[in-house]
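Grab a pencil and work through these exercises with the viewer open. Try each task yourself before you read its solution.

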Amino acid sequence: MNTSRRSFMVFSIGMGTALWLTRARADAPHLSEADPAAVAVGYKEDAAQVDKAKYPAYAAGQTCANCSLYEGKSSDAWGGCSLFNDKLVAGKGWCASYTNM
Ligand code: SF4
């Protein structure tokens with residue numbers, strides 16, 4: 001097998017794997033606010049519902065969609081979060097692990 005053909009095959013396999021992973025991630029279940037892992041960090045699907053007395057670090061305008069750990073596009077209603085690998089979080093959501101660095 002020549003080099004260009006081998007490169008094409010490796011590229012194709014890589015792209016297929018990336019597409020499969022993207023689709024698998026899009027089908028992931030939504031994180032429930034009742035999930036113990038979500039409760040531990042005060043996750044809310046709607047940032048407006050954050051308990052501001054309990055989480056004084058929360059500031060208006062902070063949402064999952066502009067958090068550094070959000071893996072979706074800022075316009076996505078739901079997206080991955082590196083904190084909750086197997087579940088999607090709401091773009092309008094928030095949790096105490098919010099960061100924007
Ligand atoms: S770490 Fe960021 S993206 Fe993940 S749930 Fe918390 S605020 Fe949302």
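Two residues are in contact if their C-beta atoms, placed from the backbone, lie within 7 Å. Before you start, note that this is a predicted model: local features need pLDDT of at least 70, side-chain atom pairs count only at pLDDT 80 or more, and totals for chains, interfaces and linings use all residues. Residues are numbered from 1 along each chain as its sequence is written.

**Exercise 1. Find out which residues Tyr-70 is in contact with, leaving aside neighbours within four places in sequence.**

Step 1: locate it. Tyr-70 is found in the loop between H2 and S1. Helices (H or I, at least four residues) and strands (E, at least two) are DSSP runs, numbered from the N terminus.

Step 2: list the partners. With neighbours up to four places away set aside, Tyr-70 is in contact with Cys-64, Ala-65, Gly-79 and Cys-81.

Step 3: check one pair. Tyr-70 and Cys-81 sit 11 residues apart in sequence, and their C-alpha atoms are 4.6 Å apart in space.

Step 4: is Tyr-70 buried or exposed? A residue is buried if 20 or more other C-beta atoms (placed from the backbone) lie within 10 Å of its own, exposed if 12 or fewer, and partly exposed in between. Tyr-70 is buried because 23 other C-beta atoms lie within 10 Å.

**Exercise 2. Work out the order of the elements and how the strands pair.**

Step 1: count. The chain has two helices and two strands.

Step 2: order them. Starting at the N terminus, the elements run α-α-β-β.

Step 3: pair the strands. Two strands pair if DSSP finds at least two bridges between them. S1 and S2 run antiparallel and are joined by four bridges. They form a hairpin, with two residues between them.

Step 4: name some partners. Cys-81 has Phe-84 as its bridge partner in S2, while Gly-79 has Val-89.

**Exercise 3. Describe the largest nonpolar core.**

Step 1: know the term. A nonpolar core is a set of buried Ala, Val, Leu, Ile, Met, Phe, Trp, Tyr and Cys residues joined through C-beta atoms within 7 Å.

Step 2: size it up. The largest one has 19 residues, and those with the most contacts inside it are Leu-31, Cys-64, Tyr-70, Cys-81, Phe-84, Val-89 and Trp-94.

Step 3: S2 gives the most, with four residues.

Step 4: follow one member. Not counting residues up to four places away in sequence, Phe-84 touches Leu-31, Ala-37 and Val-89.

**Exercise 4. Say how many residues surround the ligand and sort them by class.**

Step 1: count those near it, meaning that the C-beta atom, placed from the backbone, lies within 6 Å. There are 13, and the closest are Cys-64, Cys-67, Cys-81, Cys-95 and Tyr-98.

Step 2: sort. Ala, Val, Leu, Ile, Met, Phe, Trp, Tyr, Cys and Pro count as nonpolar, Asp, Glu, Lys and Arg as charged, and the others, Gly among them, as polar. The shell has 11 nonpolar, two polar and no charged residues.
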